[in-house]
Amino acid sequence: MNTQQETDFLGQAVRLAYNNAQKGGRPFGAVVVRNGQVIASAVNEILTTNDPTAHAELLAIRAASQQLASARLDNCHVFASGQPCPMCMAAMRLAGITEVTYAYSNEDGAPYGLSTADIAAELARPFADQSMTIRQQTVEPDAKEGLYAYWAQQQTGRGMT
């Protein structure tokens, strides 16, 4: 993909964000591209769905996965109007997305309450040092083979390991 194509795809994400803001939504848009072709695009729908996970990147990833009939989005590139939050970055990594380009940084969004830098910093700390209580509790203390071993056996039986 050449620089002009990348600029065009990033421009699409920004235009989606402007259109969403014009309609009363949050100013975020995302485009998923593979081999120079747009696979999916989306805007932030938090305000219309009351779903805190309805970020543009996540919705575009979901749409791309449906379009490609795969949970893996290897060799895909996400273009986002704003710096992806930790949740979106984690989803992109889990999906196998290989490249992310964004237009506006957390620093650009901070004066408007649109930065997720504090969340990223908090998540980088050990669980014990975070503001949310996070703990592990064993539910099968005597089980040598637990839930994950059961799952692996099920996958092996289906030839899906």
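Analyst: Let's start with burial. Buried means under 20% relative accessible area, exposed means over 50%, and partly exposed is in between, with a 1.4 Å probe and protein chains only. This is a predicted model: local features need pLDDT of at least 70, side-chain atom pairs count only at pLDDT 80 or more, and totals for chains, interfaces and linings use all residues. Residues are numbered from 1 along each chain as its sequence is written, and side-chain values use heavy atoms, with hydrogens and water left out.

User: What share of the chain is buried?

Analyst: 33% of the 161 residues.

User: And how many helices and strands are there?

Analyst: The chain has 7 helices and 4 strands. Both are DSSP runs numbered from the N terminus: helices are H or I with at least four residues, strands are E with at least two. From the N terminus on, the order is α-β-β-α-α-β-α-β-α-α-α. The C-alpha atoms fill a box of roughly 55 × 40 × 30 Å, taken along the principal axes.

User: What does UniProt place on it?

Analyst: An unreviewed UniProt entry puts "domain: CMP/dCMP-type deaminase" at residues 4-127. UniProt positions are given in the numbering used here, feature names are shortened, and annotations may be inferred rather than shown by experiment. Residues 4-127 are 46% helix and 21% strand, with end C-alpha atoms 43 Å apart.

User: Now the strands. Is β1 largely enclosed or exposed?

Analyst: Largely enclosed by the rest of the structure, because 5 of its 6 residues (29-34) are buried.

User: Which strands does β1 run antiparallel to?

Analyst: Strand β2 (residues 37-43) is one, joined to β1 by 6 bridges. Strand β3 (residues 76-82) is another, with 5 bridges to β1. Two strands pair if DSSP finds at least two bridges between them.

User: Which residues stand opposite each other?

Analyst: G29 stands opposite V43 in β2. On the β3 side, V32 has V78 as its bridge partner.

User: What do β1 and β2 form?

Analyst: A hairpin, with 2 residues between the strands. N35 in that turn has a positive phi of about 50°.

User: Where else is phi positive?

Analyst: Some background: most residues other than glycine have a negative phi. A69 has a positive phi of about 55° although it is not a glycine. N75 has one of about 65°, and it is not a glycine either. A69 sits in the loop between α3 and β3, and N75 is found in that loop too.

User: Are those two buried or exposed?

Analyst: A69 is exposed, at 72% relative accessibility. N75 is exposed as well, with 56%.

User: How many residues line it, and which lie nearest its centre?

Analyst: The lining has 31 residues, with R26, P27, F28, G82 and L114 nearest the centre. Elements giving two or more lining residues are α1 (3-22), β3, α4 (86-95), α5 (106-109) and α6 (117-123). α1 gives the most, with 4.

User: What classes are in the lining?

Analyst: 17 nonpolar, 11 polar and 3 charged residues. Ala, Val, Leu, Ile, Met, Phe, Trp, Tyr, Cys and Pro count as nonpolar, Asp, Glu, Lys and Arg as charged, and the others, Gly among them, as polar.

User: How many disulfides?

Analyst: The count is 0. A disulfide here is a pair of cysteine sulfur atoms within 2.5 Å. For C76, the nearest cysteine sulfur, that of C88, is 16 Å away. C76 is buried, with a relative accessible area of 0%.

User: What about C85?

Analyst: Its closest cysteine sulfur is in C88, 3.7 Å away, too far for a bond. C85 is buried, at 8% relative accessibility.

User: Last one: where does E57 lie?

Analyst: In helix α3 (residues 56-68). E57 is buried, with a relative accessible area of 6%. E57 and Q83 are 26 residues apart along the chain, and their C-alpha atoms are separated by 10 Å.

Terms used
On a 1 Å grid over the protein atoms alone, a cavity is a set of points where a 1.4 Å probe fits but cannot get out, and a pocket is an open set with protein on both sides within 12 Å along at least five of seven lines; lining residues have an atom within 4 Å of a point.
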